[in-house]
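Here is a short briefing on a predicted complex. Please read the confidence notes before the geometry.

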Amino acid sequence: MSIWEYANPKKFMQTSGWLLPWVTGLALVCLIGGLFWGFFLTPDDYKQGSTVKIIYIHVPAAILGTSVWFMMLVTSLIWLIRRHHVSALAAKAAAPIGLTFTLIGLVTGAIWGQPMWGTWWAWDPRLTAFLILGLFYLGYIALWAAVDDPDTAADLTSVLCIVGSVFAFLSRYAVLFWNQGLHQGASLSLDAQENVSDVYAWPLWTCIAGFLLLFVTLVLLRTRTEVRARRMAALLARERRLA
Amino acid sequence: MRALFLRDLTLAVRAGGGFGLGLAFFLLVAVLVPLGVGPDAATLGRIAPGVLWVGALLACLLSLDRLFALDFEDGSLDLLATAPLPLEGVVMAKALAHWVVTGLPLVLAAPVLGVVLNLAPGGYLWLVVSLLVGTPALSVIGAFGAALTVGLKRGGLLMSLLVLPMYVPTLIFGAEVVRRGAGGLDFGGALVFLGAITLGALALLPFAAAAAIRVNLR
Amino acid sequence: MIPDLGKYAGAVMGAYGASIALLALLVLVSLWQAARMKRALDEVEARAKAPVAEEAAPDKGASDV
């Protein structure tokens, strides 16, 4: 029982078919439950007031935004090495999800920043790195859309994902370097490393789980669509040949 | 490889080759920014490193889509791919030609434009040094972007979308070197990172670009 | 029902609202694309099966299925 069995499109469709309702249910429970818990049942922060409630969306979106790119990197490598179409299609399916999460991270970061820093946008290293990641997502999606032949598109986008990962990583450190002198101590560093007290941490982890499960749900759904699209293209090509 | 390099150089310099286009664009940027931002000398001096670097970036982009596209269209890229010279070598030779035709003139023109933008006196040397170290990265990263989009009609805009985010680290460190050099601060770290990025890109991207070309030639 | 968000009410509601809207957009588009693709594929598959069933009798082995 190896994971490579799911590289077979038919097996993937079968398994994802029965898995999808369960993951969807779990995602809804965690996401709605977590957000409800955080929004209604947690106190305000003495420093940030009620804006601390934005953490329940901002942090999970930010974490997932980066993680999705990493997943795309892994699936791209699998495509290049083992030529499993499901892997390439999963990367293609994941990109818009990652872009949306990154966008949410940016928007919530900016909105959070407004009352805290008095400005709608601040070139905080973290926000800036996210902006750049968003641009990488856009380029990746655009390249898939521009190339006609699916296998060529899969190859080119995989190479782009790999090279892009290196540059995204470099940009993260370049941006930290770039912004060293500014906004010290004012950054929105409320990730798990800082001492977020338990009353916030529990609903936060629930929301992170919710976002993660939402990603799994959507990527399964979207990959199924891509697999169907590929099958349809094959059938149409055969139709044209036999006509 | 030398023959290919010289051929690309000659093609670029001849009429219709686009030589000087990048330089002209660089000049335009240096003229338009003060017009847009206002003539206040202090402001211009502060933003000069960044403006010059962004101008260099955009000027490099201009000539990138001809890097492989022309050869792709007339079939020479197929010939180059099957020639004894490895495709990675082809990429290097073309990127080098691009740099000589686009990057190097920028390095030479930059100090003049620095005057126009009121660059602080201490910054001129570091402007030239940072561009010298950084522009080869721009050429080779650009070659990778061009290789990805070579088969596409109107791939130029998409190529810019792909390449510009990859230019960000070079831009940040390059501009930092100039800014810190101009301000008398320590720029060593920035210069080291800039150089490292260039060397890394030169070492690894030809392979990625060659892979992309092979995919597109299938 | 909504807790007293004080002076940050706009920011917090705005953040939640924008995020939920973006997520809803993503989910709805994904669902719509999935449904459309399934419908289209079912159509093509039905077409692929029907003529083959007709040909199987009179023309056995002539076309690769």
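Where pLDDT is low, the predicted coordinates should not be read in detail.

**Confidence and conventions**
- Chain C has a mean pLDDT of 81, with 72% of its residues at 70 or more.
- The complex receives an ipTM of 0.90 and a pTM of 0.89 from the predictor.
- This is a predicted model: local features need pLDDT of at least 70, side-chain atom pairs count only at pLDDT 80 or more, and totals for chains, interfaces and linings use all residues.
- Residues are numbered from 1 along each chain as its sequence is written, while chains are lettered from A and ligands numbered from 1 in the order in which they are written.

**Chain A**
- Chain A has six helices and zero strands (DSSP runs numbered from the N terminus: helices are H or I, at least four residues; strands are E, at least two).
- Of its 243 residues, 47% count as buried (20 or more other C-beta atoms within 10 Å of the residue's own, C-beta atoms being placed from the backbone).

**Helix 3 of chain A**
- Helix 3 covers residues 85-117 and reaches 47 Å from its first C-alpha to its last.
- In this helix, 26 of the 33 residues are buried.
- A:Gly118 follows helix 3, with a positive phi near 75°.

**Chain C against chain A**
- The contact takes 25 residues from chain C and 31 residues from chain A.

Conventions: The expected span of a helix is 1.5 Å times one less than its number of residues. A residue is buried if 20 or more other C-beta atoms lie within 10 Å of its own, exposed if 12 or fewer, and partly exposed in between; C-beta atoms are placed from the backbone. Two residues are in contact if their C-beta atoms, placed from the backbone, lie within 7 Å. pLDDT is the predictor's confidence in each residue, from 0 to 100.
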